[in-house]
Structure formats: structure tokens, C-alpha cells
Amino acid sequence: QAFEKASRAFRDDEAYDVILMDMQMPLVDGYTATKRLRDIGYRHPIIALTAHAMESDRETCIRVGCDGYATKPIDRQSLKKTILELTKQRGIRPA
């Protein structure tokens, strides 16, 4: 569902400012969904959200196409900073 909604918005030229991607979703996990979005040309920021906190987990998220990484439980201030940095880099003014 995440991939379908994001790809539909992208095709309609209404891409989300940023996607917070849960990496452990049922059926299609966040790794696969992110890779598929990147494969269709989606270039807006995608931030991985995961309970997996090892450096190798972060590297895997970045390798599949995530721009940022946050571990659960979420640190709101850190996540907000990441969102602002990534959107600013791309010239996006988040709502």
C-alpha cells in the first residue's frame, strides 16, 4: 500500500515532501518498497524507521535508497531535524 500510494502521488506530480518508511512492514517490507520507488525515479526524501539499531542496518537502509535513518523509539527532535535537513537540501518547503 505504501508503494502504491507514493508511486500514484509521484505519477500525478504530487509527490510527498518526505516519506517515513517503516522497514518491517508485512507483505512488502520497507526495503523493497524503497527500492521500487527509487527504480521508478522517485527522488524525494525517504527516511527509514526501524527498531534495528546496528550500523549494518543503517547501511542497508541507505544502500536500498533511504536518505535518512531513525531508530525506534523515535526521538522527535532528531527526526524533525532530519526531515528539515533533507527537505532543505532538495528545496522542498514541508507543509
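Predicted model: local features only at pLDDT ≥ 70, side-chain atom pairs only at ≥ 80, totals over all residues.
Aspartate 39 is exposed, at 55% relative accessibility. Lysine 35 is partly exposed, at 45%.

Side chains of opposite charge can pair when their charged atoms come close. How many salt bridges does a search of the whole structure find? The search finds 4.

## Salt bridges across the sequence

Aspartate 67 and arginine 38 form another salt bridge, with an N to O distance of 2.5 Å. Aspartate 67 belongs to the loop between H3 and E3, and arginine 38 to helix H2, so the pair ties together parts 29 residues apart in sequence. Aspartate 67 is partly exposed, at 26% relative accessibility. Arginine 38 is buried, because its 12% relative accessibility falls under the 20% limit for that class. A network of salt bridges links Arg38, Asp67 and Arg90.

Lysine 72 pairs with aspartate 22, and their closest N and O atoms are 3.4 Å apart. Is lysine 72 buried or partly exposed? Lysine 72 is partly exposed, with a relative accessible area of 37%. Aspartate 22 is also partly exposed, at 27% relative accessibility.

## The nonpolar cores

The largest nonpolar core holds 15 residues. Those with the most contacts inside this core are Ile19, Met21, Met23, Leu37, Ile46 and Cys61. Five elements each supply at least two of the core residues: helices H1 (2-11), H2 (30-39) and H3 (55-64), and strands E1 (19-22) and E2 (46-50). Which of them gives the most? H2 does, with 3 residues.

Leucine 37 touches Phe3, Ala6, Ser7, Ile19, Met21, Tyr42 and Ile46, leaving aside residues up to four places away in sequence. Among these contacts, Ile19, Met21 and Ile46 are also listed with the most contacts inside the largest core. A second core is separate and has 6 residues, including Ile47, Leu79, Ile83 and Leu86.

## The largest pocket

The largest pocket has a volume of about 180 Å³. Which residues line this pocket? The lining consists of Gln1, Ala2, Phe3, Glu4, Met25, Pro26, Leu27, Val28, Ala33 and Arg36. By class, the lining has 7 nonpolar residues, 1 polar residue and 2 charged residues.

H1 and H2 each supply at least two lining residues. H1 gives the most, with 3 residues.

Key
Residues numbered from 1 in each chain as written. Heavy atoms only, no water. Core = buried A, V, L, I, M, F, W, Y, C linked by side-chain atoms within 4.5 Å. Buried < 20%, exposed > 50% of the residue type's maximum accessible area, 1.4 Å probe, protein only. Helix = DSSP H or I, 4+ residues; strand = E, 2+ residues; numbered from the N terminus. Contact = heavy atoms within 4.5 Å. 1 Å grid on protein atoms, 1.4 Å probe; cavity = no way out; pocket = protein on both sides within 12 Å on 5 of 7 lines; lining within 4 Å. Points joined across faces, edges and corners; volume = space filled by probe spheres on them. Nonpolar A, V, L, I, M, F, W, Y, C, P; charged D, E, K, R; others polar. Salt bridge = Lys/Arg side-chain N within 4 Å of Asp/Glu carboxyl O.
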